Amino acid sequence: MPIHAAGLYDTQEIGEKASDYVVSSYTPTLSAILEPSGSTVQGNFQVLAVAQASAPGAPSIPMTEDEVRLVHRLTAGAQRVNLMRENATVTRVQKEMIESNWIHLACHGQQNLHDPMESGFLLHDRMLKLSEIVKMTLPKAEFAFLSACQTAMGDEKIAEESAHLAAGMLLSGCRGVIATMWSIRDEDGPKIAEDIYSRIFKDGKPNREEAAYALHEAVERLRESGAPCTAWVPFIHIGR
């Protein structure tokens, strides 16, 4: 189990869990947390939300579309681009990622244990691979929510390296990322997303520096709802 989940959970006493003391955030490199704080947004603020509920050859995850609609509602006031079903192609998603300040991907994610650079997001036409993401430059990107499975899973054979999709998003330009360490339940994505965007886009003002705190509270609510540890533990924040 990751260190942020350390604690005793058969008691309600405060002080028995790591989360009673700290808001956890991880980083793949020192440079990812040494960047200047504050917003870099200039001009129109764009939020990209992508849902691919029925990727070829993968189980259906219908609540991803509900999740995108929820993100659309909670980011009212921003310029919003929603891509779902046949519109969520690799080419279109990459194009809009370059133009977006915040990026939300609700789809299947896969970590390739044999070749991490072949990991990726399952979209309408094919997989958007990590090897493609690390070659992209996202000049406007501040924040990404990777609401997909295994987006911060990594590879135990090269444990000293962050060879996963979240690290790839940071390398491409994002300054903060919410990701998952293993598979997540379809119904949990919208719950976590609602709690997070309600805080980081409060009163119509984007503040991605609240993301780690928002995730901390969202995960606590999911845990207190009775969800098993395998459901709430995988969500993590990376970067600033």
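Helices (H or I, at least four residues) and strands (E, at least two) are DSSP runs, numbered from the N terminus. By this rule, the secondary structure of the chain comes to 8 helices and 9 strands. The model is predicted: local features need pLDDT of at least 70, side-chain atom pairs count only at pLDDT 80 or more, and totals for chains, interfaces and linings use all residues. Residues are numbered from 1 along each chain as its sequence is written, and side-chain values use heavy atoms, with hydrogens and water left out.

The overall form of the chain was examined next. Its radius of gyration is 17 Å, which agrees with the value near 18 Å that a compact globule of 240 residues would have. This radius is taken over C-alpha atoms, and the globule rule is 2.2 Å times the number of residues to the power 0.38. Along the principal axes, the C-alpha atoms fill a box of roughly 50 × 45 × 35 Å. Of the 240 residues, 49% count as buried. Buried means under 20% relative accessible area, exposed means over 50%, and partly exposed lies in between (1.4 Å probe, protein chains only).

Among contacts with a separation of 6 or more, 75% come from residues 24 or more positions apart. The chain exposes about 11,400 Å², and carbon and sulfur atoms supply 52% of this area. Accessible areas come from the Shrake-Rupley method with a 1.4 Å probe; for residues, only the protein chains shown count as cover.

Helix α2 spans residues 63–74. It has 12 residues and reaches 16 Å from its first C-alpha to its last, close to the 16 Å expected at 1.5 Å a residue. The expected span is 1.5 Å times one less than the number of residues. Buried residues of α2 are T64, E65, E67, V68, L70, V71 and L74. They pack against the strands β1 (46–51), β2 (79–84), β3 (102–106) and β7 (143–147), and against helix α6 (188–200).

Helix α3 covers residues 90–99, and V90, V93, Q94, E96 and M97 are buried there. The cover over these buried residues includes β1, β2 and β3, together with β6 (127–129), α4 (130–133) and α5 (165–172).

Two residues stand out by their backbone angles. Most residues other than glycine have a negative phi. R85, in the loop between β2 and α3, has a phi near 55°, a positive value in a residue other than glycine. D203 has a positive phi of about 60° and is not a glycine either. D203 lies in the loop between α6 and α7 (211–224). With a relative accessible area of 70%, D203 is exposed.

F45 lies in the loop between α1 and β1. At 11% relative accessibility, F45 counts as buried. Leaving aside neighbours within four places in sequence, F45 is in contact with A78, Q79, N101, W102, F201 and P206. F45 and K140 are 95 residues apart along the chain, yet their C-alpha atoms are separated by 9.1 Å.

S19 lies in the segment before α1 (31–34). Its relative accessible area is 18%, so S19 is buried. Beyond its neighbours within four places in sequence, S19 is in contact with H216 and R223. S19 and D125 are 106 residues apart in sequence and 40 Å apart in space, C-alpha to C-alpha.

Technical notes. Contact = heavy atoms within 4.5 Å.
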